[in-house]
Amino acid sequence: MTDSPIRSFVEQLLSERGKSTDIAHSDPLFTSGLLDSMAATELMLHLEAEHGVDLADADFDISRLDSMADLEVFLSQAA
Amino acid sequence: MSAVDIQPQGRQMSLSPLHWRRAWLSIDSNERIIALASSYLGGLILSGIFVLVLAATTKMSMAALGLIAVSLGLMAVLPAHRFAILMVSSLAYVGLRPFRIEGWSDLVSTKASALPSVIGSQGLTALSVVIVIAIAALFMGLVKSGLGGRLTKRPLVAQMVLWFSLLAIAMAVPAGSVASAVLWPIVGVWISCFWILAYSVADMRGKDATPLTLRALFLRPFWGGSAAPIGKSFGYLNRFKANDDRELAVTRLKALKLAVWALVLTGILTVAQWAAYEQAGLVPLHNAIIAHATGAALPGVVNWGSLLVNYFIDLLIISVWGHLIVAVVRMSGYCIPRNTVNPLASRSLSEFWNRYFYYFKELLVDFFFYPAFARYFKKNTKVRIAFATFCAAGVGNFMYHFMRETYVFAEGDLIANLAIFQSAVFYSLVLAIGLVISQWRGRKFAREDGFLAYHVWPRMNVIAFFCFLKIFDDISGEGTLVERADFALSLFGV
C-alpha cells in the first residue's frame, strides 16, 4: 500500500497542512487531530470522485477512514 | 546523573532557565524518568504529584478532586484494572454529580417538594440516574438489534425525538404534580449524558467491542467536563490507550506536563484578571453590556478594553479547564489530543474553531457536519460544504446549548422562555456564516507573501471576529439581542 494512489492523496493532504508525511499504516489521521474536518471533506470528495464510493450510507462513520489501514479496508469493501 | 535527574542525557548541568525548560519538556522521552515512572513506586509518586498539581490550580471542587485522587491512586496500584476502576469511578461520578449545570439541580430540588419528604431530591435524582441507564441500555439494544426499524438507523435523530418527546410531556403535565417531579429530573440527567450516549451508540458501528451493558453505565466519565464529552467514547479512548508499562509511563508523564502547564496558565489568568478588573478599571464583558443596556453605559475606552480582555481571558479559562480534564484522561492511560492548542496561532476562523475547543468542534463535526456532507447537495461542492457547516456551527451549535438549558421551560411563559435564546440563535448564525466564508476563501496567503500578510493580518481578522462575536455569546437571557447589537454599535460611536 506504500505507493497506492490513496496514500499519495493522504500524503498530499498532510503536506499541504505542513504535517509530516511519514505516517504508519495504523496511525490515526482524523481522531488524532493530524488532519481536520476540511481535510476529511477533501478525502471524502476524492473517494466519491475517484473510487465511486457513496458516502450517504446510513452506516458511514468518519472513523472508517481514520488510518491508511482503515482506508484500505473501506475501499476493499466498497469495491 | 542520578535516577531522578531530569537533565537531558549526555548534557552538562546548567543553571539556564531555558535549559531546565527543555529538560522538563523532554521528561516523557527521558529513558531514566520513564523507567522510574514505570515502576510501582514511581507510578504512585507520579499520581501523588499530579493530584497536588491539580489541587494547586484550585479549579476543581474538593469532591471532584477526591474522586480523581482515589481513582488515579487505585489505577497506580492496580494498573491492570484501569478499565474497571474507570467504570466504577464514572458510575460514582454520575451519582455524585448527575447534572452538568446548577439550573437542573435547583429545579430538581424544587420539584422534590411534590414528593414525600422521605424521597427528597437525592432520592429523586438517584431514581432518575437508574431510569436513564435503563433507557440508554434499551436504546442501544434496539439500535444494535435493528428492532427499532428505520428510526434507529439514525440514532442521533432517534435519541433527539425521544428526548424532546419526554421534555414535551414534562412541560405538559401540571407543574406541582408527582409526574412533573419525576419527569423533569429524568430529562435533566438524560441531557447531561446525551452526547456521550450518542457517541456510545455511534461506536457500536465501529470496531470497538465494549459490551453494551458497560456502554450504558458509562454515562459520565469521572474526569468531568461539559456536556461535550472530552475523550468521546470507548472506541475513541481505545485508539489512544497505553498498551504496556512503558506507554503508560510516557502517557502519565505527558499528563503531568499538561497539568503543570495548566497550573502556569492558572497563574497567568489570575494575574490577568487582577490587572484588568482590579487595577485597570475594566469589567467583565457581560457587565459592560448590561450596564449599557440599563442606561449606565461605561466609557468607550472601558468597553473596548473589556471586549479585548474578555477574548484573551476566555482563551485562558478554556485552556486551563480543558488541559486539566485532558491531563486526567491521560493519567488514566489514554493519550488523547489536547482540547485547546495555541488558538492564537489560528489563521482562519475554521482553524480557530479547531484549536479553541477541539472536542466540542468534534461533536458538531461528527454528528452534524459529516452526516450532512455525506447526504446533501452532492452536485455542488461549495454549497455542500456550506450546508454541512451551517448544520454543524449553526444548527448543531444552537441545539447543543438550547437542549442543555431547557430547565427554564419548567415554569413561566413558553414564548418568554424562548426569547432567552435569541442571542444564541444570532451567535450560531453569524458563526456559521463566518465559517462558511472562511472555508470558501481557503488558504489565501502563503509564506512568500510576507510576515504581515501571512502571520499578522489573518490572525488579527480571527481575533476581531471572535472578539465581537462574544458580545452575542449568551444563554442567560440577560441583555436582549437588540441591546447587545446596540452595545456593539456603540463601540464605533453609533
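The largest nonpolar core holds 174 residues, of which Leu43(A), Phe50(B), Trp195(B), Phe222(B) and Ile336(B) touch the most other members. Such a core is a set of buried Ala, Val, Leu, Ile, Met, Phe, Trp, Tyr and Cys residues joined through side-chain atoms within 4.5 Å; buried means under 20% relative accessible area, exposed over 50%, and partly exposed in between (1.4 Å probe, protein chains only). Helix α9 of chain B, residues 178–203, contributes the largest share of this core, 17 residues. Helices (H or I, at least four residues) and strands (E, at least two) are DSSP runs, numbered from the N terminus.

This is a predicted model, in which local features need pLDDT of at least 70 and side-chain atom pairs count only at pLDDT 80 or more, while totals for chains, interfaces and linings use all residues. Residues are numbered from 1 along each chain as its sequence is written, chains are lettered from A and ligands numbered from 1 in the order in which they are written, and side-chain values use heavy atoms, with hydrogens and water left out.

Contact means heavy atoms within 4.5 Å. Not counting residues up to four places away in sequence, Phe222(B) touches a set of residues including Leu67(B), Leu72(B), Met75(B), Tyr93(B) and Val328(B). Ala327(B) lies in helix α14 of chain B, residues 300–331, and counts as buried because its relative accessibility is 0%. With neighbours within four places in sequence left aside, Ala327(B) is in contact with Phe50(B), Ala255(B), Leu258(B) and Ala259(B). The C-alpha atoms of Ala327(B) and Leu316(B) are separated by 16 Å, the two residues being eleven apart along the chain.

Chain A has three helices and zero strands. Its radius of gyration, 12 Å, is close to the 12 Å that the globule rule gives for 79 residues, so chain A is as compact as a globular protein of that length. The radius is taken over C-alpha atoms, and the rule is 2.2 Å times the number of residues to the power 0.38. Of the 79 residues of chain A, 48% count as buried.

On the surface, Tyr40(B), Leu44(B), Val70(B), Leu74(B), Val77(B) and Leu78(B) form a nonpolar patch with about 510 Å² of accessible area together. Areas come from the Shrake-Rupley method with a 1.4 Å probe, and for residues only the protein chains shown count as cover. The largest share of the patch, three residues, comes from α4(B). Leu74(B) lies in that helix and is partly exposed, because its relative accessible area is 39%.

Definitions and conventions. Patches are made of residues with over 30% relative accessible area and no salt bridge: like charges are joined within 9 Å, nonpolar side chains (Val, Leu, Ile, Met, Phe, Trp, Tyr) within 5 Å. A salt bridge is a side-chain nitrogen of Lys or Arg within 4 Å of a carboxyl oxygen of Asp or Glu.
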